[in-house]
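Colleague: I would like to go through this model with you. Please tell me what stands behind each label.

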Amino acid sequence: MPHIELPEPDIGVIRRRPILIEGLKSRVGADLLILDEDGRRAYETDAFTAYRNVPMLVVLPRTTEEVSKILKFCHENDVKVIPRGAGTSLCGGALPTEDAIVLCVSKMNRVLEVDYVNRFARVEAGITNLEITSRVAPKGFFYAPDPSSQLACTIAGNLAMNSGGAHCLKYGVTTHNVLGVKMVLIDGMIVDIGGTSLERNGYDLLSFMIGSEGQLGVVTEATVKILPAAEGARPMMIGFRSPEAAGSCVAAIIAAGIIPVAIEYMDHAAIEVCEAFAGAGYPLDVEALLIVEVEGSENEIGILLGRIAEIAAAYDPKTVVMSSGPEQSARIWAGRKAAFGAIGRISDYLCMDGTIPLAQLPHALTRISQICAEHDLKVANIFHAGDGNLHPLILYDANNPSEADRAEAAGEAILKLCVELGGCLTGEHGVGIEKRELMASQFSATDLAVQMRIKTVFDPTWRLNPAKVFPLAATETMRSGRAASTPEAA
Amino acid sequence: MTELLRPAAEWELQSMIAKLAAQKRRVEVVGHGALRNAGRVARSDIVLSTAGLKGVTLYEPTEIVMSARSGTPVYEIEAILAARGQMLAFEPVDLGPATGAPGGALSIGGVFATNFSGSRRILAGSARDNLLGVRAVNGRGELFKSGGRVMKNVTGLDIARGLTGSWGTLAVMTEVTFKVAPLPQTMLTLAYTGLPDDLAIEALTATMATPLEVSGAVHLPKGCAARLKQPKLKGIDQPVTLLRLETFSTAIEARKEKLKAALKVYGTPIELDAEETWSLWSEFRTLSVMPFSTETSLWRISTLPTKAAEIVFAIEKFMDSTAFYDWAGALIWLEVPAAADAGAADVRRAVSVRGGHATLIRAQPEVRASVDVFEPLKPEIERLTRGVKSAFDPDGLLNRGRMYANL
């Protein structure tokens, strides 16, 4: 690594940097700009750290109107804009180029309105995911999507990536929990899409927007649903002798009409590392561990966990542990939530993010092991079992170029496997630059052209976060300004 | 005479549309006709029906996922699901009977094309929220897919959900993949009587703020409640406020008692058991409380619950009307006397000052051709809407005029 191709920066734009700086200063003031190299370097990468470029400058607007002025200026001066929240993207979604301006919304982080009767909150886009829940929790409400990075990630980033989390089996992902956005188009126009009511009028532009990875516009405000928190929630751990038994148990739980709020899967390698890190009480003598959480009143939780234990009994579990209370519940989740960090303590790793149909789980895990063995690498598997979202962590030594290359190749093979099995390239991390060239393995040229035309509707000159999501060659004419306003299918 | 195209396979549909696209001929897209009397009147001399595209192509009960060709009748899908103890959680609404079209003709493609969801939407999300993927042919004659069959998928732009609610004006769906849900083990309804609209909505929104997972929250003012057919409520001469609970048999009694305790200031409810509950809520799925009549027009208004009673009250100042509130007040079905503009001026004024939007569902064709059926768009949204239409259907061949004039 790194092997992912990035477009050559436009030297002409870079040469105009002093003029662009003066232009932006005159429109929004110097205090919003980060110009020095040390300051800009903080924005050279996101959590996909193998790739870095120091942007031309960084701008930190405080209002929608400032965002509008900045985008209008960039549009008029033909400058690329990379929207950014907290920079927690795992796929290079917020990676800048040297000829681009990073527009970071992190200063726009206020709660503007909370309506408990109509059950929504209107927030600025730079607020963190967890802060919304923190603000409404005293009244018994929460904001449902819970990505692992929820302490740091912004709603802007969540909207860009259509983020989910462990609990989305029951509550859905970002697109299920947003009513409307205020956003700014590349020409500076401020647009309200959706609103506060449950249904939208006309075309569902919000669906195009959510998950578009910052390619259609810059979201400055979001109106999100807030939900009443359950009376209680409690997990149980079930350890199995084989991945097949664990997979069959998940299917049996759902077939019995139970949709838990979360079903998480860890293989033996992941269990060992997480237990060593968190002391969660995970069994070490099993090949697969399920963490199943249910919600409701204390009585309902007891009934549901009892039924799940009965169902699991048919698959000969080695361990069945129901959490006895909040302390144990927190410990169980702490192990799972710390998984990526815990594995990072013992090895560098590439975190894959494919999704598969659940019935393919045993086959997928076997093939993932084979693929990694073929590349002489180890792997740990963590998995949102309720919705088929795999996270194979391919372990490698970043200081060994050969291992890094092999890890990247194994990762590609795993993602292609997910597509072959009827799944998709990414369940929650997004495409960014990481999976851009793999898009052709999931989509036909026509499928991609249909998507790219929507990008062109919102951003006709392809100045917003270009060179992401779509294969580089397919977007060359649009990015170079030689468009072809409507991408043609090959 | 109108030419009817009825492809029996996806490739045939694609080749038909590709040919029409080459000839730049406009086409009205329909399923089995359940929605033909709703929306604006599409102008074309060719009708393309998806009724020949039938059948479930994938069903994995243990993964709660199903794929079906777009012309598959909803009742067939629901029968297959029920046999495995599952259902469509969003309770699709069949507009047919309320608009003078045949009942039971609703196709699964029509459900997602309109995104009209029933009472359980407040808990389970809309049709759009339950959609996972589509295969479709756009106005260029291109066959494309979006989304897939897995629950979590952020690969590329979400074209699939973007097609929902577009009334066939962007593309003709050939196959849809969607999430299904377990049928609840049991259900019950609490019916409170005598509450005025504002108080009823206060009670409904209060329950939606509890963790009791109420799966239906409806209020029928007196005039509408009188139309209920469910024997325990039939002929009732009072407003009725309904709350539905669905869960495991071992848990439902406790939830009911909690709900009753939370709402004790609103009186003592009539209780309906599982069978009674099923028949009662079916009345809302077919809008039998808003039966077809040429004497009246029917509006569907989306707003904030706290504004709903005000909106109905404001409209009542200008015309006789009959309303019922679904989704704890976030959705109003409103019947008004048939008139040259179906009361559009007054309805839209009442809604616009309070927030929300109104869609004309039932009116004579000449009325639906002369007034805005869908809420007029703000200029910047109209610009994007026209761009999206053009991206899918540059020559405006598919269902032209079905949603907006000249689009």
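**Labels and their cut-offs**

Colleague: Why is A:Phe48 called buried?

Modeller: Buried means under 20% relative accessible area, exposed over 50%, and partly exposed in between, with a 1.4 Å probe and protein chains only. A:Phe48 has 10% relative accessibility, so A:Phe48 counts as buried. A:Tyr51 has 3%, so A:Tyr51 is buried too.

A word on the source: this is a predicted model, where local features need pLDDT of at least 70, side-chain atom pairs count only at pLDDT 80 or more, and totals for chains, interfaces and linings use all residues. Residues are numbered from 1 along each chain as its sequence is written, chains are lettered from A and ligands numbered from 1 in the order in which they are written, and side-chain values use heavy atoms, without hydrogens and water.

Colleague: What makes A:Phe48 and A:Tyr51 a stacked pair?

Modeller: Rings of Phe, Tyr and Trp (its six-membered ring) pair if their centres lie within 6.5 Å; planes under 30 degrees apart count as stacked, over 60 as edge-to-face and the rest as tilted. By this rule there are 15 aromatic pairs over all chains. For A:Phe48 and A:Tyr51 the centres are 5.4 Å apart and the planes at 15 degrees, so the pair is stacked.

Colleague: What makes B:Arg128 and A:Asp204 a salt bridge?

Modeller: A salt bridge needs a side-chain nitrogen of Lys or Arg within 4 Å of a carboxyl oxygen of Asp or Glu. The closest N and O atoms of B:Arg128 and A:Asp204 are 3.0 Å apart. The rule finds ten salt bridges across the interface of chain B and chain A.

Colleague: How many residues does each chain bring to that contact?

Modeller: Chain B brings 75 residues and chain A brings 91 residues.

Definitions and conventions. Contact = heavy atoms within 4.5 Å.
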